[in-house]
Amino acid sequence: GCSKNGAITSRVRLSMFTGSNIEKLARDMSVGQGETLNVLADLMGVQSQDKAAFFQATRTNFGVIFAPQNETAGQVLTSLNQVLSQDATLSAYVVKA
């Protein structure tokens, strides 16, 4: 599940992390910073120069990512990927199934 640069790209592993940390991620995304959000960015392979944009995107789109119908980690990740895919730089970090 690792790419050559060591970033975990497995959707299953991201889902496990997200599911185990869903409340912390929601809190971190709502303010656009935090340890759990930083770990998620690392797991997704977000480069340090793009982290500020990643954090801002999660904050700006918090209501989309954690929409009421998104009850599972998989649904949250799907919404996060949709948000990232709309940004020219962040689309590189969309995790494929």
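**Entry 1. Surface and overall make-up**

How much accessible surface does the protein chain have, and what share of it belongs to carbon and sulfur atoms? I looked this up first: the accessible surface comes to about 5500 Å², and 51% of it belongs to carbon and sulfur atoms. Accessible areas come from the Shrake-Rupley method with a 1.4 Å probe, and for residues only the protein chains shown count as cover.

I note that this is a predicted model, in which local features need pLDDT of at least 70 and side-chain atom pairs count only at pLDDT 80 or more, while totals for chains, interfaces and linings use all residues. Residues are numbered from 1 along each chain as its sequence is written, and side-chain values use heavy atoms, with hydrogens and water left out.

I then listed the secondary structure, which comes to 6 helices and 0 strands. Along the sequence the pattern reads α-α-α-α-α-α. Helices (H or I, at least four residues) and strands (E, at least two) are DSSP runs, numbered from the N terminus.

Of the 97 residues in the chain, 43% count as buried. Buried means under 20% relative accessible area, exposed over 50%, and partly exposed in between (1.4 Å probe, protein chains only). For contacts with a separation of 6 or more, residues 24 or more positions apart account for 52%; contact means heavy atoms within 4.5 Å.

**Entry 2. The nonpolar core**

I next examined the largest nonpolar core, which has 25 residues. Such a core is a set of buried Ala, Val, Leu, Ile, Met, Phe, Trp, Tyr and Cys residues joined through side-chain atoms within 4.5 Å. Those with the most contacts inside it are M29, L40, M44, F54 and L80. At least two core residues each come from α1 (11-20), α2 (22-31), α3 (35-43), α4 (51-60) and α6 (73-85). The largest share, 5 residues, is supplied by α6. In soluble globular proteins, nonpolar side chains tend to be buried together.

I checked the span of α6: its 13 residues reach 18 Å from first C-alpha to last, close to the 18 Å expected at 1.5 Å a residue. The expected span is 1.5 Å times one less than the number of residues. Its buried residues are A73, V76, L77, S79, L80, N81, V83 and L84. Their cover includes α1, α2, α3, α4 and α5 (62-65).

In α2, I found L25, A26, D28 and M29 buried. The cover of these buried residues includes α1, α3, α4, α5 and α6. Just after α2, G32 takes a positive phi of about 75°.

**Entry 3. T18**

T18 sits in helix α1. It counts as buried because its relative accessible area is 1%. Its side chain reaches the backbone oxygen of L14 at 2.8 Å. Leaving aside residues up to four places away in sequence, T18 touches L25, L40, A73, V76 and L77.

**Entry 4. N70**

Where is N70 found? I located N70 in the loop between α5 and α6. With 14% relative accessibility, N70 counts as buried. Its side chain makes a polar contact with the side chain of S79 (2.8 Å) and reaches the backbone oxygen of I65 at 2.9 Å. A polar contact is a pair of N or O atoms within 3.5 Å; within protein, one must be able to donate a hydrogen and the other to accept it, and residues adjacent in sequence count only if both atoms are side-chain atoms. Not counting residues up to four places away in sequence, N70 touches V64, I65, Q75, V76 and S79.

**Entry 5. Y93**

I followed the segment after α6 to Y93, which is buried at a relative accessible area of 9%. Y93 and M44 are 49 residues apart in sequence, yet 6.3 Å apart in space, C-alpha to C-alpha. The side chains of Y93 and D50 make a polar contact (2.5 Å). Beyond four places in sequence, Y93 touches M44, G45, V46, Q47, D50, N81 and L84.

**Entry 6. Aromatic pairs**

How many aromatic pairs does the structure hold? I found 2. One of them joins F54 and F55 edge-to-face, at 6.1 Å centre to centre with 65° between the planes. Rings of Phe, Tyr and Trp (its six-membered ring) pair if their centres lie within 6.5 Å; planes under 30 degrees apart count as stacked, over 60 as edge-to-face and the rest as tilted. F54 is buried at 0% relative accessibility, and F55 is buried at 15%.
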